[in-house]
Amino acid sequence: MKVEGSYVLEASRAEVWALLTDPNRLARLLPGCERLDPDGPDRFKAVIKFALAAISGKYDGSLTFLEKKPPKLLRLRLEGKGIPGFVKGEGKLELGEKGAQTELRYSGEAQIGGMIAAVGQRMVDAAARRVITQFFESAAAELKATSAKK
């Protein structure tokens with residue numbers, strides 16, 4: 001499964017970079033994320049609860065920052081396993097300045113297996129888009145709240 005797109009955030013590139021690379025804040029943004037704990041340099045253990053159609057469950061996995069070029073580029077890897085199956089993926093986030101805003105372009109590819117793959121590619125694609133949208137909406141709200149505190 002491949003994903004790509006872009007999202008404009010109402011914050012500077014430095015503020016968006018700080019948000020994306022802060023594990024405490026990132027854990028709040030990831031839909032279903034119950035834990036995101038440090039596990040070495042640029043590596044985190046994750047526990048994520050996810051539901052798709054009649055299949056739901058917890059995934060234990062990891063998030064690794066593979067490449068960081070502040071504040072322009074972040075490459076990452078996600079891996080998770082649970083009773084419903086597994087997911088493995090890599091993605092790239094590119095941050096571009098757009099005046100006082102940041103355009104975040106994302107692209108990635110994931111492999112899924114197990115029961116979760118059995119629900120069908122179209123449902124998995126729709127769920128992935130929904131999770132991405134929720135993530136960016138949460139990021140926008142977090143940045144707005146941070147800006148309001150200043």
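## Sheet and helix packing in a predicted model

Seven strands build an open sheet in the order S1-S7-S6-S5-S4-S3-S2, with antiparallel pairing. Strand S1 (2-9) and S2 are the edge strands, each with a single partner strand, so one side of each has no neighbour in the sheet. From one strand to the next the twist averages 20°. Helices (H or I, at least four residues) and strands (E, at least two) are DSSP runs, numbered from the N terminus; two strands pair if DSSP finds at least two bridges between them.

This is a predicted model, in which local features need pLDDT of at least 70 and side-chain atom pairs count only at pLDDT 80 or more, while totals for chains, interfaces and linings use all residues. Residues are numbered from 1 along each chain as its sequence is written, and side-chain values use heavy atoms, with hydrogens and water left out.

The pLDDT, the predictor's confidence in each residue from 0 to 100, has a mean of 93 for the protein, and 99% of the residues reach 70 or more. Among the elements, H1 has the highest mean pLDDT (97) and helix H3 (residues 115-118) the lowest (82).

| Pair | Sense | Bridges |
|---|---|---|
| S2 (residues 33-38) and S3 (residues 43-52) | antiparallel | five bridges |
| S3 and S4 (residues 55-69) | antiparallel | 10 bridges |

Phe 44 stands opposite Leu 63 in S4.

H1 lies across S1, S4, S5 (73-82), S6 (85-98) and S7 (101-113), running at about 160° to S6. H4 lies across S1, S3 and S7, at about 20° to S1. Axes are lines fitted to C-alpha atoms, for helices over the stretch in contact, and angles run from 0 to 180 degrees between N-to-C directions.

H1 (residues 13-20) and H4 (residues 121-149) also pack against each other, at an angle of about 115° and with their axes 11 Å apart. Glu 15, Val 16, Leu 19 and Leu 20 in H1 meet Phe 135, Ala 139, Glu 142 and Leu 143 in H4.

Gln 134 lies in H4. Gln 134 counts as partly exposed because its relative accessibility is 33%, where buried means under 20% relative accessible area, exposed over 50% and partly exposed in between (1.4 Å probe, protein chains only). C-alpha to C-alpha, Gln 134 and Gly 120 are 21 Å apart, and they are 14 residues apart in sequence.

Notes
Contact means heavy atoms within 4.5 Å.
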